[in-house]
Amino acid sequence: MPLKKSELYSSIWQGCDELRGGMDASQYKDYVLVLLFVKYVSDRFAGQRDSLLEVPKGGSFADMVALKGNKEIGEGMNKVISKLAEANDLKGIIDTADFNDEGKLGKGKDMVDRLTNLVAIFDNPSLDFRSNRAEGDDLLGDAYEYLMRHFATESGKSKGQFYTPAEVSRIIAKVIGIGAASRTNQTLYDPTCGSGSLLLKAHDEAPVDVTIYGQENDVATAGLAKMNMILHGCATAEIARDNTLSAPRYKETNGRLKSFDFVVANPPFSNKNWTNGLDALHDEYHRFEYGIPPTKNGDYAFLLHLIASLKSTGKGAIILPHGVLFRGNTEGDIRKEIIQRGYIKGIIGLPPNLFYGTGIPACIVVLDKQDAAGRTGIFMIDASKGFIKDGNKNRLREQDIHKIVDTFTRQLELPRYSRMVPIAEISDPKNDFNLNLPRYIDSTEPEDLQDIDGHLRGGIPDRDIDALENYWNVIPSVRELLFESAGRKGYSKLRPALSEVKPKIFEHPEFTAFNKTTTAIFEKWKKANLPILNGIEKGTRPKELIQKLSESLLSGFLKTPLLDAYDMYQHLMRYWDETMQDDVYMISSDGWKSAARPRPVTVDAKGKATEKPDFIVGALKLKAELIPTPLIVARYFAGEQTVIEDLESKLAATEQAMDEMIEEQGGEDGLLSIAEDGKLPKKAVAARLKEIKGDADFNDERKALSDYVDLLDVAAETKVQVKDAKSVLDDRLAKKYGALSEEEIKNLVIHDKWLAAIEAALQSELASVSQRLTGRVTELAERYAEPLPQIISDVAKLSANVDRHLEKMGAVWN
């Protein structure tokens, strides 16, 4: 049985991270990713004729494994990589990292041990790429993505720019419209491609195998990009190595820049050296006809290069800092020219601290030349508030990505989030072609205004109650149940006591009906998707599966009042990330029966278990991944579990009684004074009983000691009973796991595990509806509960009481 997918990647990363020692992660990644490449190529193509890549004799991962422990391992690994590179025209791509560099990898035994252990990490039976599918749904693609993300995280601000966060890449891939590509000769280009992650995400979005072009200035990073292309089944992708601005490598036969159907880019922000090797004033490619960007800021240089690289029907997107939207002078003039030509289709403002090279907020500028002439507006989205904290970075959630894409592709105008801004408004003198998002979208939450008259004379302002209109539209009678007139126009007061507000809402027939309607939507989704879940088998593609499940859930809840459909979507996607994808991966790899089989717990080099077993049979410690033992117990051994729980309760009560006896009768003068540190072993009790024997002066102590011994005996006997009962249950569990039919396994996994967890998330959302309403009603009631006259009166009474107390105490008080 394989390791879970997430555990496999985690173990690879942890092993690699431990072995890099003092080397910077931005350098160490070159060693690790080359090893991953050699492992993949060897698994896929070794011994095959007419394969995509040739694995020559002495140039395979097996040759590296043979070098483990060899004192010449560094030089030997270099030779293996060199042979593989020569056989496949990959010189200067996969052989840039020196595995015999003592300055980075240590000297003598230190280097031998480090490289031996590094090779051992990838010499893992679970890391088998022989059946790799290269469709973004496989071990390899996800392993590479996982390692790249972690290396970018560890590399620091100045060295993490080789990787564009996958979440942002997915948004760009969706909004440029490459999903409509229909021909393999359509082209995709990234002028600052880094390790190629953005290019690949865009390529994956296309329904056909579009032709890929990329250029990267850094030698090692360009090598990573080429390896990344091969690893993802895009071996024909062209990756050029040079400075895109001073030496663009893709040109037509007439010397002009090559133009592309789709262009994406995440260039270095505000590059101060963009003019190196470039005479922008006399640029032979005419990229700066709308103006020359500032010498110390290259943002617009890359934007203009992107525009020049688009065909007349081309579409693209570029990630840039927000400054490009509002900075003036030359940049303002360039921006005006671009807007007037209609090249900007949309702007998506992103949260801060998403990217590995900087913490500043960025935006996606979406370009479209095809419809530029008739463009009358720019669609803007302020998505700056949709994210979660993830370590020292922020990260877009699945719901944030989906909402951005849905809103942009459907051009949905949502309050405080998105709108189509007319060019006429942007060009108005008061805006003067400034594209700063807050000018056009007020994303701030409405202020919760305090009502002075309500504080002075009491009563909850009706405008605050009216603001809860979305609730009253669904449960209209609840408003009248909760509020009545305060005796003056525009103000109300709470009818029930504060403690009764929540039950009044939750138990009201209208709210019950809302719950039933919402639950029915989930039941409809469940019924529609049960055949898909039951149809999971070997070879099922997990990402296609979750795509179907999540999209149908989202569409089902889109029109449900009081619930945010994207919140429901996020619950499913979170459960997928945390649990379900590992389950589906195991089933698609090994089938239901094999995946359900418990595995031995993993052990470290010393044979010590690295995880807690779920149950033990003899000397064998077992871990149940697909079907947790509580699910088996609940369905088949509820009676046995009840017996164990009763015994454990009896043991807990006995031990509590013993603790209470020591607490009450311990101490120097207590009957159990021999207890030390709250403990009283049976051996010490026996010794004391022997010491006092039949002495009548110690009858009380003898009785207390005897009672304590009785409790000790009960506790000891109960512990044995618990252990025996658990042992019996473990044996039955082991037998049951082995005897489960595929139908039983599916019921346990699909119904008792997956659907139960997703339904629990729905119920938590329903509960939060009443909690939010209860919280707001309570807040308003407490805010205006005591008007100012009453507060003044209360203060006067309290002050008079203080004066009387002071007078009784003889204090003089003026």
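## Before we start

What you have here is a predicted model, where local features need pLDDT of at least 70, side-chain atom pairs count only at pLDDT 80 or more, and totals for chains, interfaces and linings use all residues. Numbering runs from 1 along each chain as its sequence is written, and side-chain values use heavy atoms, with hydrogens and water left out.

## Two positive phi angles

Most residues other than glycine have a negative phi. Now take a look at S270: its phi is positive, near 50 degrees, and it isn't a glycine. You'll find S270 in the loop between strand 4 (260-265) and helix 11 (299-308). Helices (H or I, at least four residues) and strands (E, at least two) are DSSP runs, numbered from the N terminus.

N353 isn't a glycine either, and its phi is positive at about 60 degrees. This one sits in the loop between strand 6 (344-349) and strand 7 (362-368).

Is N353 buried or exposed? N353 counts as buried because its relative accessibility is 18%, and buried means under 20% relative accessible area, exposed over 50%, partly exposed in between (1.4 Å probe, protein chains only). S270, at 22%, is partly exposed.

Three strands form an open sheet in the order 12-14-13, with antiparallel pairing. Strand 12 (460-461) and strand 13 (483-485) are the edges, each pairing on one side only. Two strands pair if DSSP finds at least two bridges between them.

Strand 12 and strand 14 (residues 491-494) are antiparallel and share two bridges. Which residue of strand 14 is the bridge partner of I460? That's S492.
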